[in-house]
Amino acid sequence: MGPRPHAAGPAHARHPGAVPAGVIEVVAPGPLATVQDLGRPGRLALGVPRSGAFDRAALRLANRLVGNDDGAAAVETTLGGLAVRFVDAATIALTGALCPGAPGWGTAITVGAGTTLRLGAPRHGLRSYLAVRGGIALDPVLGSRSTDTLSGLGPAALRAGDMVPVGSSAPGEVSGAHVGAAPPDRRPLAIRFGPREDWFSAAARRHLLTTVWAVRSDCDRVGVRLDGPPLVRDRGGELPSEPVLPGAVQVPADGRPIVFGPDAPVTGGYPVIAVVLDLDRVAQLRPGEAVRFRPGSG
């Protein structure tokens with residue numbers, strides 16, 4: 001899924017003088033584990049990407065289960081493998097891709113001091129979320145505790161031995177709901193054409209919709225790269241760099257689409273043929289998985 005990012009800042013930092021309610025020790029991060037909240041919206045004009053959780057619905061659900069604000073910082077794991085030890089007792093919830101080894105999924109549970117949680121690799125989906133009541137209490141950078149794997153903003157990706165502080169308060173009550181794990185969603189991804197669909201013929205746009213694309217192995221939080229018969233442009237040359245957003249379907253020179261993720265760059269020079277309307281589903285696409293698109297609205 002790409003090399004481990006080296007974002008700025010230690011993973012054990014917190015507000016000066018703040019006293020955490022607890023500490024989580026990272027025993028093993030798995031392929032990639034980062035701290036994510038809802039990101040840094042509204043700063044694209046300053047050159048700051050949105051970042052934040054890839055599957056935002058899963059993050060919100062985990063936080064609601066433990067009584068946090070929707071946007072509280074949690075741990076996002078990629079393909080499981082995360083092992084953490086709770087130095088202090090904590091109330092936690094796990095959502096997203098279902099990993100073996102969890103004591104509960106889609107429900108709030110309390111773990112005692114000294115408990116070690118080990119997540120195996122999910123059979124379906126890719127990204128899972130561990131929320132703890134009080135939230136992860138690292139120092140915010142530009143209003144967010146999210147790790148941006150492209151720009152390096154925010155805390156470093158988690159590493160074995162990191163001691164991660166937990167906040168001391170949460171605004172809501174712990175939920176008694178048991179949501180469970182959602183089954184894999186195999187429906188085509190809804191897209192809205194534009195803003196550069198005029199760079200492609202009607203036949204190329206139909207090709208985007210009728211092709212069964214495959215997720216390439218070189219995908220990450222920056223973008224999900226797809227393989228299949230290339231999309232042929234209707235005009236030559238290149239665009240001046242222009243703004244792009246998470247969910248944008250960019251077509252580089254080789255004609256194989258890239259669906260941008262939350263850590264996408266803020267500008268790009270290749271035409272964007274369409275925008276995916278549900279980025280949460282893109283977050284759970286695994287290498288080799290088949291992907292189709294359909295026209296949508298929203």
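Glu289 is buried, with a relative accessible area of 17%. Buried means under 20% relative accessible area, exposed means over 50%, and partly exposed lies in between, using a 1.4 Å probe and protein chains only. This is a predicted model, in which local features need pLDDT of at least 70 and side-chain atom pairs count only at pLDDT 80 or more, while totals for chains, interfaces and linings use all residues. Residues are numbered from 1 along each chain as its sequence is written, and side-chain values use heavy atoms, with hydrogens and water left out.

Where does Glu289 sit? Its place is the loop between helix H3 (279-283) and strand E18 (290-291). Helices (H or I, at least four residues) and strands (E, at least two) are DSSP runs, numbered from the N terminus. The side chain of Glu289 makes a polar contact with the side chain of Arg186, at 2.8 Å. A polar contact is a pair of N or O atoms within 3.5 Å; within protein, one must be able to donate a hydrogen and the other to accept it, and residues adjacent in sequence count only if both atoms are side-chain atoms. Not counting residues up to four places away in sequence, Glu289 touches Arg186, Trp213, Ala214, Val215 and Gln284. Contact here means heavy atoms within 4.5 Å.

## Thr107, another buried residue

Thr107 is found in the loop between E5 and strand E6 (109-111). At 15% relative accessibility, Thr107 counts as buried. A polar atom of the Thr107 side chain lies 3.1 Å from the backbone oxygen of Ala177. Leaving aside neighbours within four places in sequence, Thr107 is in contact with Leu65, Ile92, Ala93, Leu94, Ala177 and His178.

## Salt bridges

How many salt bridges does a search of the whole structure find? It finds 14. A salt bridge is a side-chain nitrogen of Lys or Arg within 4 Å of a carboxyl oxygen of Asp or Glu. One of them joins Arg281 to Asp185, with the closest N and O atoms 3.5 Å apart. Arg281 lies in helix H3 and Asp185 in the loop between strand E9 (163-166) and strand E10 (189-193), so the pair ties together parts that are 96 residues apart in sequence. Arg281 counts as buried at 17% relative accessibility. Asp185 counts as partly exposed at 31%.

Arg235 and Asp198 also meet in a salt bridge through their side chains (3.5 Å, N to O). Arg235 is in the loop between strand E12 (223-227) and strand E13 (242-243), and Asp198 is in the loop between E10 and helix H2 (202-210), so parts 37 residues apart in sequence are tied together. Arg235 is partly exposed at 39%. Asp198 is partly exposed at 41%. Arg256 forms a salt bridge with Asp227, and their closest N and O atoms are 3.2 Å apart. This pair links distant parts of the chain, 29 residues apart: Arg256 is in the loop between strand E14 (248-250) and strand E15 (258-260), and Asp227 is in strand E12. Salt bridges that share partners join Glu76, Arg127, Arg221 and Asp263 into one network.

## The enclosed cavity

Rolling a probe the size of a water molecule over the atoms shows where empty space is left. On a 1 Å grid over the protein atoms alone, a cavity is a set of points where a 1.4 Å probe fits but cannot get out; a pocket is an open set with protein on both sides within 12 Å along at least five of seven lines; lining residues have an atom within 4 Å of a point. Grid points are joined across faces, edges and corners, and a volume is the space filled by probe spheres set on the points.

A search of the whole structure finds one cavity of 30 Å³ or more. The largest cavity holds about 40 Å³ of space. Its lining residues are Ile24, Val26, Val75, Leu82, Val84, Leu130, Ile136, Leu158 and Val164. By class, this lining has nine nonpolar, no polar and no charged residues. Ala, Val, Leu, Ile, Met, Phe, Trp, Tyr, Cys and Pro count as nonpolar, Asp, Glu, Lys and Arg as charged, and the others, Gly among them, as polar.

About 870 Å³ of space lies in the largest pocket. It is lined by 39 residues, and Ala182, Pro183, Pro184, Asp185 and Gln284 lie nearest its centre. Helix H1 (56-66), strand E5 (90-96), H3 and E18 are the elements that give two or more residues to this lining. The lining has 22 nonpolar, seven polar and ten charged residues.

The second largest pocket holds about 250 Å³. Of its 15 lining residues, Leu245, Pro246, Ala248, Val275 and Val276 are the closest to its centre. Strand E17 (residues 272-276) gives the most to the lining, with three residues. By class, the second largest pocket is lined by twelve nonpolar, no polar and three charged residues.
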